[in-house]
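Let's take a quick tour of a protein model, one topic at a time. Have the sequence and the 3D view ready, and try to find each piece as it comes up.

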Amino acid sequence: MAILKTVKTECSSIDVCRCQDGAIEFRVTGAAHAWWHPRLHLTEYVWDAIAAAVLFHPAQQPRSLLMLGLGGGTALRTLRCLLPDLKITAVEIDPGMIALAREYMALDELEIEVVQGDAYQFITGHGKTYDVVFDDVYRSGVSDVERPKPFNAPLANQLQKLVDPTGIFALNLCLGVGHRKQQSWARNIFATHFQESRVVKPWLGANEVLIGGAQLGPISAVRSAGARFPESEDQLNWRKIQSRKLT
């Protein structure tokens with residue numbers, strides 16, 4: 001892996017790296033923050049689980065998605081392949097990250113609405129609702145990424161107001177040392193706030209995605225969506241995504 005350049009943005013220091021297979025990675029605090037490949041969509045890491053979570057919408061064909069935290073748009077590129085008609089709005093606080101995603105990860109080709117600003121300020125007083133609302137808000141910490149705001153019941157209630165009554169809410173969680181208390185809180189909130197909830201895990205990495213709603217679609221429909229990928233490698237990696245009921 002070769003570092004093409006290091007960019008200090010308003011929010012973090014980002015290493016733009018090129019891998020031997022032609023993929024591009026943005027690395028923040030030593031960890032991959034975004035990934036792009038000229039041919040493939042799936043990574044076996046958290047972005048695959050993020051994309052899969054959206055497909056648990058009970059209709060399997062959600063019309064609108066609000067993504068809080070854009071990064072390089074890795075999961076949104078996968079969703080654009082699977083759901084070409086999905087209207088996507090993404091909120092990203094770091095203008096430098098947006099610029100790099102446009103330069104290195106073909107962000108503009110996804111035809112999404114990008115809002116530059118603080119995600120939690122964006123949702124304050126926001127009256128629109130979406131089929132799927134996804135909280136993937138993390139920032140660079142001293143030695144690891146961290147949430148700028150704990151996921152607690154008041155925040156969950158605020159975010160739920162943006163979800164259509166038949167829609168779903170999803171949350172990306174980092175796991176491991178320093179993240180266990182937040183994981184426990186979040187799981188308890190999903191278990192008590194939603195009639196149905198699930199956990200989705202990627203094949204590799206230290207993340208899980210929680211999803212909840214009045215009703216969730218069947219996992220069989222999510223798995224069958226993998227046939228939409230043109231590359232057999234992506235189809236294989238899609239089958240590696242794991243999911244089970246939380247409640």
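How many residues lie between E1 and E2 in the hairpin they form? There are four residues between these two strands. Keep in mind as you look around that this is a predicted model.

- Strand E1 covers residues 2–8 and strand E2 covers residues 13–18, and the two pair in the antiparallel sense over six bridges.
- To spot this pairing, look for Ala 2, which stands opposite Arg 18 in E2.
- E2 also pairs with strand E3 (residues 24–28), again in the antiparallel sense, this time over five bridges.
- Arg 18 turns up here too: its bridge partner in E3 is Ile 24.
- The hairpin of E2 and E3 has five residues between the strands, and Gly 22 takes a positive phi near 95° there.
- As background, strands of a sheet pair through backbone hydrogen bonds, and they can do so parallel or antiparallel.

**The eight-stranded sheet**

- Now find the open sheet of eight strands, where the pairing is mixed and the order is E7-E6-E5-E8-E11-E13-E12-E14.
- Its edge strands are E7 (113–116) and E14 (242–245), each of which pairs on one side only.
- On average, neighbouring strands of this sheet are turned by 20° against each other, if you ignore direction.
- For a parallel pair, check out strand E5 (residues 64–68) and strand E6 (residues 87–92), which are joined by five bridges.
- One partner pair to look for is Ser 64 with Lys 87, the latter sitting in E6.

**Helices to look for**

- Helix H1 (residues 46–54) is mostly covered, with nine of its nine residues buried.
- Among the buried residues of H1 are Trp 47, Asp 48 and Ile 50, along with Val 46 and Val 54.

**The cavity**

- How many cavities of 30 Å³ or more does a search of the whole structure find? The search finds one.
- The largest cavity holds about 60 Å³ of space.
- Its lining includes Ala 52, Phe 56, Trp 238 and Ile 241.
- Ala 52 is also one of the buried residues of H1.
- Helix H7 (219–224) and E14 each supply at least two residues of this lining.
- H7 gives the most to the lining, with three residues.
- Ile 219, Val 222 and Arg 223 also line the largest cavity, as do Gln 242 and Ser 243.

**Cysteines**

- A disulfide is a covalent bond between the sulfur atoms of two cysteines.
- A search of the whole structure finds zero disulfides.
- Cys 17 is in no disulfide, and the nearest cysteine sulfur, that of Cys 19, is 7.1 Å away.
- Cys 19 is in no disulfide either, and its nearest cysteine sulfur is that of Cys 17, at 7.1 Å.
- Is Cys 17 buried or exposed? Cys 17 is buried, with a relative accessible area of 2%.
- Cys 19 has a relative accessibility of 16% and counts as buried, because the cut-off for buried is under 20%.

Terms used:
Residues numbered from 1 in each chain as written. Predicted model: local features only at pLDDT ≥ 70, side-chain atom pairs only at ≥ 80, totals over all residues. Heavy atoms only, no water. Pairing = 2+ DSSP bridges. Axes fitted to C-alpha atoms, helices over the stretch in contact; angles between N-to-C directions. Disulfide = S-S within 2.5 Å. Buried < 20%, exposed > 50% of the residue type's maximum accessible area, 1.4 Å probe, protein only. 1 Å grid on protein atoms, 1.4 Å probe; cavity = no way out; pocket = protein on both sides within 12 Å on 5 of 7 lines; lining within 4 Å. Points joined across faces, edges and corners; volume = space filled by probe spheres on them.
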